[in-house]
Amino acid sequence: MSEQELTRINKFLSEAGYCSRRKADKLIEEGRVTINGIVPEMGTKIAPGDVVAVDGEVVKNNKEAFVYLAFNKPVGIVCTTDTRVEKDNIIDYINYPKRIFPVGRLDKMSEGLILLTDDGDIVNKILRASNNHEKEYIVTVNKPISQTFIDRMRGGIYLEDLRQKTKKCVVEKLDSFTFKIILTQGLNRQIRRMCSYLNYDVQSLKRVRIMNVTLDVPVGQYRELTKTELKELNKLISDSSKTHIPGKPKN
């Protein structure tokens with residue numbers, strides 16, 4: 001059989017809409033994936049007709065049209081697909097009839113826009129921090145915002161616990177306690193950590209835009225991306241690498 005007819009197991013699971021390639025690699029490492037009843041090694045390729053299962057459930061790739069959703073996540077919902085462990089997970093909350101997974105994360109106490117899809121390739125492209133894709137947030141803090149605060153946030157802050165300095169970003173004061181921030185980085189709880197460093201506590205945090213997709217649905221509801229949005233989104237990520245380039249900083 002020719003090499004072109006073989007597909008890496010993580011790519012198969014991604015294209016089947018089961019999960020992202022990164023998640024697939026984790027499932028393989030945990031021994032939860034089988035090919036024809038046998039637990040494979042990382043990087044194993046499958047041939048047409050091979051039976052792939054996760055936790056004993058057969059995964060089929062029917063090549064159906066991909067789903068792309070824009071969801072307004074409420075506070076208290078966790079961006080995880082692990083429905084066995086987290087009862088307040090995003091998958092059970094949405095209860096979409098097809099298996100989908102979130103693109104990136106919003107922490108439990110944050111709300112706003114998050115994309116969900118069954119297209120693993122687009123997930124990997126969007127998640128590459130080095131691709132400089134914009135994400136916009138509206139943040140309210142516990143005390144009046146000073147010009148020093150705005151300048152420091154814009155210039156980048158070294159987060160000691162992450163051993164990393166944040167990239168320069170756009171920050172605009174909206175009122176005494178509220179500001180807008182546009183990031184091209186996705187460090188863990190980045191905005192909250194940046195504010196904490198400057199002795200501010202975040203009272204509310206809402207993501208209102210991811211690249212060209214803006215938040216326009218009520219809290220707890222979702223909609224499908226329009227054809228125009230999807231076309232522009234694909235255009236924005238067309239030069240994005242799906243995988244990290246060795247030797248190139250991730251952020």
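Helix H2, spanning residues 21-29 (helices being DSSP runs of H or I with at least four residues, strands runs of E with at least two, both numbered from the N terminus), has Arg21, Ala24, Leu27 and Ile28 as its buried residues, where buried means under 20% relative accessible area, exposed over 50% and partly exposed in between, with a 1.4 Å probe and protein chains only. This is a predicted model, in which local features need pLDDT of at least 70 and side-chain atom pairs count only at pLDDT 80 or more, while totals for chains, interfaces and linings use all residues. Residues are numbered from 1 along each chain as its sequence is written, and side-chain values use heavy atoms, with hydrogens and water left out.

Seen down the axis of H2, the buried residues fall within an arc of 110°, so they line one face of the helix; the arc is that of the directions from the helix axis to the C-beta atoms. Arg22 and Glu29 are exposed on the other side, whereas the buried residues pack against helix H1 (9-15), strand S2 (33-35), strand S4 (52-54) and helix H4 (120-127), contact meaning heavy atoms within 4.5 Å.

Elsewhere, the largest nonpolar core has 34 residues, of which Val139, Phe149, Met153, Phe179, Ile181, Ile191 and Cys195 touch the most other members; such a core is a set of buried Ala, Val, Leu, Ile, Met, Phe, Trp, Tyr and Cys residues joined through side-chain atoms within 4.5 Å. Among the elements that each supply at least two residues of this core are helix H5 (147-155) and strand S13 (178-183).
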